[in-house]
Amino acid sequence: MVEKFDVPSRLAEGWPAVENLQRYVWACHLLGYQHPDLTVHAAQLRDWYGSEDGMDLGALHGDCLGLEAAVRSTQDALGVQDRQLSTLSAVWQGAGADASRDFLRRHSEASAAAATAVRTAAEALGALRDDLWRAVDAKVGAVVAVEDRTKAHRADWLAAAETVTTGAGDRAAAAELVDQAVKPFVDNSISTEWLTAMRTAMSSIVDAYQRATTEIAGEHAPVFDVPGDLGPTWSAPQARVSESTVCLDTATAPVPASVLAGAPAPATTAPAAWAAPDPPAAPVPAAPAVLPESAPPLSSNSLSRSFCKGR
């Protein structure tokens with residue numbers, strides 16, 4: 001007895017029947033029988049039957065068990081959350097408590113939506129697993145049942161099909177048996193009932209996947225708020241004032257009228273962010289800079305260049 005959800009083992013039970021039916025169909029084809037879904041190539045029945053090769057319902061079953069455990073965990077978490085909210089209402093009153101309760105109420109609604117989404121996914125995958133298994137099981141059962149109808153003539157039909165295919169033996173007698181007995185079976189049972197079972201299985205599997213996808217995608221995506229005071233914040237980086245910026249600003253600043261008239265320039269003050277180096281041990285007094293009376297007035301640009309050069 002094949003274990004439930006073991007698709008490879010269940011398909012293996014039907015492969016001998018498929019091989020026999022394939023021999024019947026191809027022998028009929030060599031004698032002139034044509035069908036677009038059965039006689040395009042010598043392994044067309046095998047292709048129909050093997051459409052579920054590789055299906056691993058064991059892995060899907062494991063996912064279902066994991067989601068079912070997650071559903072139980074979410075229900076426990078929702079219970080703890082509700083009890084905590086009730087306790088908060090009893091021990092904290094005031095405007096802050098009201099704001100906190102309102103935030104936690106929205107959080108509880110989002111949590112319930114997330115738990116519902118997990119439950120929907122678990123139920124959808126469980127239904128998908130069961131639907132896929134039923135489709136595969138029904139297909140194998142149909143294949144075996146159709147081939148079982150040839151049980152009384154199986155040995156003779158297989159021998160005749162082999163002779164027609166290989167040419168070894170009495171081909172005339174074999175061709176007559178295939179024409180009179182095998183071909184009507186192929187045309188009445190394989191091209192109708194057997195082929196319908198294959199198509200039904202494939203469409204059932206596609207529908208099952210579409211149902212599961214629609215159910216999971218249809219759930220509302222929960223949104224969890226972040227408290228403003230506790231949430232992430234962002235501030236623009238502080239602008240760094242460089243020496244070149246200071247020089248540029250000085251170049252565009254207005255020049256006092258006394259300087260333009262030829263008076264000595266006032267002493268400049270270094271920016272607060274700049275620390276002047278220590279003076280030498282024995283400083284040498286420098287003569288004050290005096291502009292000759294004949295010197296032309298200083299422009300703002302020349303003052304700026306002097307200041308920057310001194311820096």
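## How α5 meets α6

Helix α5 passes α6 in a left-handed crossing, a term used when the near helix is turned anticlockwise from the far one by less than a right angle. This is a predicted model, in which local features need pLDDT of at least 70, side-chain atom pairs count only at pLDDT 80 or more, and totals for chains, interfaces and linings use all residues. Residues are numbered from 1 along each chain as its sequence is written, and side-chain values use heavy atoms, with hydrogens and water left out.

The axes of α5 and α6 come within 8 Å and cross at roughly 120 degrees; axes here are lines fitted to C-alpha atoms over the stretch in contact, with angles from 0 to 180 degrees between N-to-C directions. The two helices are therefore oblique to each other, the label for angles that are not under 35 degrees (roughly parallel), over 145 (roughly antiparallel) or 65 to 115 (roughly perpendicular). On the α5 side you will find Asp 156, Trp 157, Ala 160, Ala 161, Thr 163 and Val 164, and their partners in α6 include Ala 174, Val 178 and Phe 185. Contact means heavy atoms within 4.5 Å. By class, this contact has eleven nonpolar, one polar and two charged residues.

## α1 against α6

Helix α1 (residues 7–30) packs on α6 (residues 171–217) at an angle of about 120 degrees, with the axes 9 Å apart. That makes α1 oblique to α6. The crossing of α1 past α6 is left-handed. Leu 21, Tyr 24, Val 25, Ala 27 and Cys 28 of α1 take part, and among the α6 residues are Val 186, Ile 190 and Trp 194. Eleven nonpolar, no polar and one charged residues make up the contact of α1 with α6.

## The nonpolar core

Which residues touch the most other members of the largest nonpolar core? They are Ile 190 and Trp 194, in a core of 48 residues. Such a core is a set of buried Ala, Val, Leu, Ile, Met, Phe, Trp, Tyr and Cys residues joined through side-chain atoms within 4.5 Å. The largest share, 14 residues, comes from α6.

Not counting residues up to four places away in sequence, Ile 190 touches Leu 21, Val 25, Leu 38, Leu 45, Phe 185 and Leu 195.

## A buried loop threonine

Thr 39 lies in the loop between α1 and α2. Thr 39 is buried, with a relative accessible area of 4%, where buried means under 20% (1.4 Å probe, protein chains only). Beyond four places in sequence, Thr 39 touches Val 25, Trp 26, His 29, Tyr 33, Gln 34 and Gln 44.

How values were computed. Helix = DSSP H or I, 4+ residues; strand = E, 2+ residues; numbered from the N terminus. Nonpolar A, V, L, I, M, F, W, Y, C, P; charged D, E, K, R; others polar. Buried < 20%, exposed > 50% of the residue type's maximum accessible area, 1.4 Å probe, protein only.
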